[in-house]
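Dear colleague,

I am handing over the structure we spoke about, and I would be glad if you read the notes below with it open beside you.

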Amino acid sequence: MSFDTVIHDGTIVTASGSFEGDIGISDSRIAALAERIEGGTRRIDAGGRLVMPGGIEAHAHIAQESSAGIMTADDYRSGSISAAFGGNTSFVPFAAQHRGQSIEDVLATYDARSKSSVIDYSYHLIVSDPSDEVLTRGLPAAFARGITSLKVFMTYDLMNIGDAGMLSILDVARENGALTMVHAENNDMVKWMNARLADRGMTAPKYHAISRPELAEEEAINRAISLARLADAPLFIVHVSTEGGAALVQKARLGGAKLFAETCPQYLALTRDDLDRPGMEGAKYICSPPVRDHETQEALWRHIRAGTFDSVSSDHAPYRFDDTGKLVHGTEPPYPKIANGMPGISARLPWLFSEGVIKGRITPEQFAALSSTNAARIFGMSRKGRLAPGMDADIAIWNPETRRKMTLEDQHDNMDYTPFEGMDLTGAPEIVMTRGEVVVEHGKLRATEGQGRFVARDRVDLSGVPGIPVKETALMHAEAGR
Ligand code: URP
Ligand code: ZN
Ligand code: ZN
């Protein structure tokens with residue numbers, strides 16, 4: 001057998017185990033894994049390195065206008081380059097519907113925007129307007145195109161779809177084998193806090209953290225799980241930021257719920273003290289749900305170890321610290337006028353590797369699962385996320401010993417800050433390849449704009465997830481079927 005590339009003498013790390021060996025790549029796919037593989041047009045020495053499935057970033061806002069109309073700083077070119085420097089070989093940003101827009105129109109917009117990607121990509125839809133047209137034609141057509149996941153919001157006035165809207169979406173997603181993702185925060189609780197803080201003149205960035213109470217997330221997660229159970233539909237809870245929210249997810253999963261969840265590095269690395277930095281610096285750390293405290297960080301790590309979370313995603317939502325982003329409403333805007341979100345697509349995996357694997361909080365195999373394998377399975381990327389014959393050769397070769405400090409320069413994005421600036425890192429991806437093509441090599445970009453391809457995704461994989469039946473829904477179905 002002849003190979004285009006052979007990666008040799010590395011430690012091959014997969015979600016289910018690790019071994020010393022070689023990988024042979026032919027025609028953009030993994031063709032062989034063995035103790036020793038000879039030949040190869042190119043041979044890459046991975047001695048002392050970890051050979052991992054390339055990261056899949058399943059939560060990123062790229063070339064996306066926020067509901068308030070602010071465009072992210074990264075487009076598909078810069079966002080994908082930044083992702084690749086951080087060890088990712090594919091990503092799934094959002095294609096956001098604003099009210100009144102058809103799904104067809106949304107997808108045409110993002111199809112035009114995504115052409116410059118250097119890594120493979122798909123989209124999750126964001127649905128803010130579940131009209132009859134959207135539910136009966138737009139969404140089924142998108143699912144049929146392989147866009148098999150969508151996100152809904154329980155917060156933000158311009159995005160919140162309400163419980164009835166969510167049930168309608170869960171139902172159409174279930175019928176089509178698609179997965180609903182949810183941003184779970186109780187909108188009215190947040191608005192109630194906002195009004196009271198405003199009455200008291202408490203509008204500096206630090207008040208953002210208390211304007212969105214832990215209880216608002218916990219209530220919404222509980223409700224979202226209940227709605228999904230009623231509709232007998234799978235649900236993915238994004239950016240879980242609280243111990244209470246994680247405990248709800250854990251309990252439901254242990255009961256067999258069709259439930260998936262993620263958390264993000266910012267909830268493990270930052271606290272509300274970061275929002276209280278001098279002047280307007282705190283604006284850089286505004287995201288929703290907000291970053292919390294050290295006790296929450298420890299609890300979220302425990303849940304990562306216990307398997308409550310399927311993935312650790314970045315929620316890369318890059319708004320510059322200038323009048324295009326965070327300060328679009330002036331130099332000292334009140335916190336409700338500051339764009340929500342922070343960058344992190346390049347930081348996610350080096351940070352998780354360093355704080356997780358190197359510090360012994362998670363194993364390398366868990367890292368592979370949390371960074372890639374689980375996302376591929378849940379989001380239907382059947383040729384990605386695993387190192388096995390027949391899979392796309394999407395591979396990141398990590399040097400576990402490289403030491404550095406996180407810098408803005410290393411992010412290779414369009415941002416003017418990183419919230420992780422100055423953090424110590426051990427371990428770095430040295431070679432990143434998508435479908436056998438090297439994208440990043442020893443700090444140099446080797447890819448050409450537009451070499452990424454759209455990935456049509458399969459239905460959500462619910463194997464091993466029985467669901468928790470709801471008596472009344474079962475009775476209704478039984479009676480209707482009679
Ligand atoms: O603050 C955040 N996370 N902004 C991005 C949009 C979202 O809710 O994920
Ligand atoms: Zn969100
Ligand atoms: Zn997000």
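This is a predicted model: local features need pLDDT of at least 70, side-chain atom pairs count only at pLDDT 80 or more; totals for chains, interfaces and linings use all residues.

The domain assignment divides the chain into domain 1, made up of 5-52 + 388-445, and domain 2, which runs over 55-369. Taken over C-alpha atoms, the centres of domain 1 and domain 2 lie 27 Å apart, and 39 residues of domain 1 are in contact with 44 residues of domain 2. Between them the domains bury about 3,300 Å², of which 67% is on carbon and sulfur atoms. Of the area that domain 1 buries against domain 2, N414, Y417 and F420 supply 19%, which is more than any other three residues.

As for the polar side of this interface, 12 residue pairs in polar contact are found across it, with both residues at pLDDT 80 or more, while the count of salt bridges between domain 1 and domain 2 is 1. D120 forms a salt bridge with R435, and the closest N and O atoms of that pair are 2.6 Å apart. The elements that give two or more residues to the side of domain 1 that touches domain 2 are β1 (5-14), β2 (17-26), β5 (50-53), β15 (395-405), β16 (424-434), β17 (437-441) and β18 (444-445); β16 gives the most, with 8 residues. By residue class, that side of domain 1 divides into 21 nonpolar, 10 polar and 8 charged.

Turning to helix α11, which spans residues 348-358, you will see that the helix is mostly covered, since 10 of its 11 residues are buried. Just after α11, G360 takes a positive phi of about 75 degrees.The last point concerns S211, which is found in helix α6 (residues 206-211). Is S211 buried or exposed? With a relative accessible area of 1%, S211 is buried, because the cut-off for that term is under 20%. The side chain of S211 reaches the backbone oxygen of H208 at 2.7 Å. If neighbours within four places in sequence are left aside, S211 is in contact with V190, M193, N194, L197 and Y335.

With best wishes

Conventions
Residues are numbered from 1 along each chain as its sequence is written. Chains are lettered from A and ligands numbered from 1 in the order in which they are written. Side-chain values use heavy atoms; hydrogens and water are left out. Helices (H or I, at least four residues) and strands (E, at least two) are DSSP runs, numbered from the N terminus. Buried means under 20% relative accessible area, exposed over 50%, partly exposed in between (1.4 Å probe, protein chains only). A polar contact is a pair of N or O atoms within 3.5 Å; within protein, one must be able to donate a hydrogen and the other to accept it, and residues adjacent in sequence count only if both atoms are side-chain atoms. Contact means heavy atoms within 4.5 Å. Domain bounds come from an automatic or database domain assignment. Buried area is the accessible area (1.4 Å probe) that two parts lose on being put together, summed over both. A salt bridge is a side-chain nitrogen of Lys or Arg within 4 Å of a carboxyl oxygen of Asp or Glu. Ala, Val, Leu, Ile, Met, Phe, Trp, Tyr, Cys and Pro count as nonpolar, Asp, Glu, Lys and Arg as charged, and the others, Gly among them, as polar.
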